[in-house]
Amino acid sequence: MEFNTEMSDHRKVTEQILRKKPAGLEFKPQSVTYLITYRTIEGKSQLNYMFNEIKFQCDWKKKWFRTNYTVTSEMVITDRYAYPTEIIPYKDAFRSHHILSDKINNFYDENFWGAYNIIEPTESLENAVRKLKKMQWH
């Protein structure tokens with residue numbers, strides 16, 4: 001499934017994707033796109049891959065030029081369990097009004113990837129996962 005956000009109402013788009021901004025900053029969204037794939041397992045569709053790209057401009061009141069930014073994020077599901085191995089406590093769970101950067105310390109584990117922390121910034125996530133899976137079998 002591939003889709004994007006309707007950009008005709010910039011104010012509404014800004015409200016959907018931006019939670020906080022400094023005073024004096026004019027935020028101008030340019031595009032918001034998503035790619036989501038599912039895999040059918042035992043007759044049920046399950047999330048497989050997500051890609052998101054947001055393009056926007058920032059214009060500070062006392063600066064002469066605008067700055068263009070592109071933010072991308074990817075996620076691929078590598079392991080699946082029939083049942084959750086651990087329930088996330090209510091106080092630690094994400095809510096719709098939370099900002100990822102505000103809650104990341106609750107979930108950050110410096111040793112999570114261990115020796116597998118080899119994904120290059122220019123490498124696609126899918127290629128990196130393929131390499132990791134090959135390493136697991138050797």
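Which strand is Thr70 found in? I looked that up first: Thr70 sits in strand S4. Strands here are DSSP runs of E, at least two residues, and helices are runs of H or I, at least four residues, both numbered from the N terminus.

Ground rules before going on. I am working from a predicted model, where local features need pLDDT of at least 70 and side-chain atom pairs count only at pLDDT 80 or more, while totals for chains, interfaces and linings use all residues. Residues are numbered from 1 along each chain as its sequence is written, and side-chain values use heavy atoms, with hydrogens and water left out.

**Thr70.** The scale I use calls under 20% buried, over 50% exposed and anything in between partly exposed (1.4 Å probe, protein chains only). Leaving aside neighbours within four places in sequence, I find Thr70 in contact with Glu53, Ile54 and Lys55; contact means heavy atoms within 4.5 Å. I also took the C-alpha separation from Thr70 to Val32, which comes to 9.8 Å for residues 38 apart along the chain.

**The sheet.** Next I traced the strands. Four of them make an open sheet, ordered S1-S2-S3-S4, with antiparallel pairing. Two strands pair if DSSP finds at least two bridges between them. S1 (2–4) and S4 (67–76) are the edge strands, each pairing on one side only. On average, neighbouring strands are turned by 15 degrees against each other, direction ignored. Axes are lines fitted to C-alpha atoms, for helices over the stretch in contact, with angles from 0 to 180 degrees between N-to-C directions.

In the S2–S3 pairing I count 16 bridges, joining residues 25–41 to residues 44–60. One bridge I looked up by residue: Ser31 has Lys55 in S3 as its partner. Lys55 also turned up among the contacts of Thr70.

**Helix H1.** What does H1 lie across? H1 (residues 10–17) lies across S2 and S3, and runs at about 60 degrees to S2.

**Aromatics.** I searched the whole structure and got three aromatic pairs. Rings of Phe, Tyr and Trp (its six-membered ring) pair if their centres lie within 6.5 Å; planes under 30 degrees apart are stacked, over 60 edge-to-face, the rest tilted. Phe3 and Tyr34 are stacked, at 4.9 Å centre to centre and 20 degrees between the planes. That pair links distant parts of the chain, Phe3 in S1 and Tyr34 in S2, 31 residues apart. I noted Phe3 as partly exposed at 35%, and Tyr34 as partly exposed at 27%. Last entry: Phe27, Phe56 and Tyr69 form one aromatic cluster.
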